[in-house]
Amino acid sequence: MIKLVAFLGNYGKEYEKTRHNVSWYFEDSLPFANQLSWQSKFKGEIASLTPQELSQWACDTKICSKKDGSPVLVPEEAPAHIFFLKPMTYMNLSGDSIIEVANFYKIQPSEIMVVHDELELAPGFVSLKWSGGLGGHNGLRSTKAVLGTPDFWRLRFGIGRPDNDKISVADYVLSRFTAEQQELMQNVFSQTNLLLVKILLSKNPSDLIQTWGKKKLI
């Protein structure tokens with residue numbers, strides 16, 4: 001099961017709500033985000049919650065999947081805590097923060113999920129992926145380098161590529177979403193909240209790939 005969720009991004013006001021920071025934007029949108037208690041450790045900001053808390057918070061905020069509103073069942077195999085991490089090393093050195101948490105809590109690469117932006121998916125698409133290539137993403141490259149393997153989970157939010165040849169990819173990913181795109185992403189996030197809960201309370205996240213391997217939400 002997943003024990004560590006790393007939301008990749010760049011810290012600083014100038015990077016807020018930029019495409020490259022879409023995972024931080026997603027984390028901020030979680031209905032229970034204000035219940036997380038963040039601490040500055042491991043070259044990042046880290047928070048933890050128990051699977052039982054996650055299950056209850058999901059239902060309290062109306063994102064649980066059970067029609068009767070009861071909490072999602074927590075598997076016996078669930079870890080004692082699930083850690084949320086926002087590396088404060090800037091995107092290109094994200095792995096430096098991830099490896100410190102993984103080493104301290106003895107978390108294996110297969111128990112880590114990285115949330116990040118994806119150029120090769122159009123806005124409105126979400127993708128749950130296991131292992132694979134890096135797609136030129138420097139945050140993923142850093143993560144693979146420190147873990148020594150690409151075998152970790154990825155939750156990808158499509159941001160598309162620039163439709164103007166005069167705009168470089170670097171400038172594009174560091175630019176902000178338009179007001180219209182922000183509204184679109186909020187819709188995407190609201191539909192992805194339940195997916196995150198399902199992933200973190202699943203004994204085998206690969207069961208979700210058939211539906212969520214590449215899903216268009218908008």
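Predicted model: local features only at pLDDT ≥ 70, side-chain atom pairs only at ≥ 80, totals over all residues.

Trainee: Why is Ile46 called buried?

Mentor: The relative accessible area of Ile46 is 5%. Buried means under 20%, exposed over 50%, and partly exposed in between (1.4 Å probe, protein chains only). Ile46 is therefore buried.

Trainee: Where does Ile46 lie, and what does Ile46 touch?

Mentor: Ile46 belongs to strand β3 (residues 44–49); strands (E, at least two residues) and helices (H or I, at least four) are DSSP runs, numbered from the N terminus. Leaving aside residues up to four places away in sequence, the contacts of Ile46 (heavy atoms within 4.5 Å) include Trp38, Phe84, Val101 and Tyr105.

Trainee: What makes Ser127 buried?

Mentor: Its relative accessible area is 1%, so Ser127 falls under the limit for buried. Ser127 sits in strand β6 (residues 125–130), and its side chain reaches the backbone oxygen of Gly213 at 2.6 Å.

Trainee: How do you know that helix α1 is largely enclosed by the rest of the structure?

Mentor: Helix α1 (residues 22–29) has eight residues and six of them are buried, so the helix is largely enclosed. The buried ones are Val22, Ser23, Trp24, Tyr25, Phe26 and Glu27. They pack against β1 (4–7), β4 (82–87), β5 (112–118), β7 (153–158) and α6.

Trainee: Which residues touch the most other members of the largest nonpolar core?

Mentor: A nonpolar core is a set of buried Ala, Val, Leu, Ile, Met, Phe, Trp, Tyr and Cys residues joined through side-chain atoms within 4.5 Å. In the largest one, of 46 residues, they are Phe26, Phe84, Met113 and Phe157. Helix α6 (residues 179–200) gives the most to this core, with eight residues.

Trainee: Why is helix α3 called oblique to helix α4?

Mentor: The axes of α3 (residues 94–105) and α4 (residues 138–147) come within 7 Å and cross at roughly 40 degrees. Angles under 35 degrees count as roughly parallel, over 145 as roughly antiparallel, 65 to 115 as roughly perpendicular and the rest as oblique. Therefore α3 is oblique to α4. Residues of α3 that meet α4 include Ile98 and Ile99.

Key:
Residues numbered from 1 in each chain as written. Heavy atoms only, no water. Polar contact = N/O pair within 3.5 Å; in protein donor to acceptor, adjacent residues only side chain to side chain. Axes fitted to C-alpha atoms, helices over the stretch in contact; angles between N-to-C directions.
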